[in-house]
Amino acid sequence: MSAVTGADLREAAEEMTRVLLPHRDHDWSVPAGSLSWSCWTTAAHVAHDLLAYAGQVTGRPDDGYLPYDLRVSPDASPAQVLTVVRACAGLLAAAVDAAPPDTRAWHWGPCDPAGFAAMGVAETLLHTHDITLGLAVAWQPPQRLSALVLRRLFPDAPAGAAPEVLLWMTGRGELPGRARRTSWSWRAAVD
């Protein structure tokens, strides 16, 4: 099984920008898919999570999340928020790539750098999907990145096309013969 790396994080952030930047002039105040958050708030949330994960990897707390938060200026345009996402993805990518594989930090238990990278990729792909639904843009998460996330965070995932399975595992899609999921969690902790 290949570990999720900083390059995968950068690729996910670049994909988010590629698909959403052409729609920067749309109304980003609309809900992001089935979320109660707006598209703008959802994109800012992605940046927040990426930065929080970077802090965990570098700070290595073993009992909770570090007590800091990212505040994206409410005046930031959608294009600027996407730049913040890429910046935070770069910070997490650098932290993951610099950390020894045996590094552990808290995420509902001890989590390794590859686990934080996988969560960062997952947050980016899943919320890009939410935003595309809100903006009425046809898009699915990339196959390779979806497969990496499934292998690392959802080891019990059923067989099938990775993007569809990832969306189903997180309550965002349908799979033939399976009930739609209404609750879910991923497994990032190791040891």
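Trp184 is partly exposed, because its relative accessibility is 34%. This is a predicted model. The ring of Trp184 pairs with the ring of Phe154, and the pair is tilted. Phe154 counts as buried, at 2% relative accessibility. The pair links distant parts of the chain, 30 residues apart. Phe154 lies in the loop between helix H5 (143-153) and helix H6 (162-169), while Trp184 lies in the segment after H6.

The structure holds 6 aromatic pairs. Two of them are set out here.

| Pair | Centre to centre | Angle between planes | Class |
|---|---|---|---|
| Phe154 and Trp184 | 6.2 Å | 50° | tilted |
| Trp106 and Trp108 | 4.6 Å | 55° | tilted |

Trp106 is buried, with 15% relative accessibility. Trp108 is exposed, at 67%. Ring pairs join Tyr65, Trp106 and Trp108 into a cluster.

The charged end of Arg178 sits over the ring of Trp168, 5.5 Å from the ring centre. Arg181 also lies over the face of Trp168, at 5.1 Å from the centre.

Now the helices. Two packed helices are described by the angle and the distance between their axes. The axes of H1 (residues 6-20) and H3 (residues 78-98) come within 8 Å and cross at roughly 170°. Angles over 145 degrees count as roughly antiparallel, so H1 and H3 are roughly antiparallel to each other. Among the contact residues are Leu9, Ala13 and Met16 of H1, and Leu82, Val85 and Ala89 of H3. The residues of this contact divide into 12 nonpolar, 3 polar and 4 charged.

Note on methods:
Residues numbered from 1 in each chain as written. Predicted model: local features only at pLDDT ≥ 70, side-chain atom pairs only at ≥ 80, totals over all residues. Heavy atoms only, no water. Axes fitted to C-alpha atoms, helices over the stretch in contact; angles between N-to-C directions. Helix = DSSP H or I, 4+ residues; strand = E, 2+ residues; numbered from the N terminus. Parallel < 35°, antiparallel > 145°, perpendicular 65-115°, else oblique. Contact = heavy atoms within 4.5 Å. Nonpolar A, V, L, I, M, F, W, Y, C, P; charged D, E, K, R; others polar. Phe/Tyr/Trp six-rings, centres within 6.5 Å; stacked < 30°, edge-to-face > 60°. Buried < 20%, exposed > 50% of the residue type's maximum accessible area, 1.4 Å probe, protein only. Lys NZ or Arg CZ within 6 Å of the ring centre and 35° of its normal.
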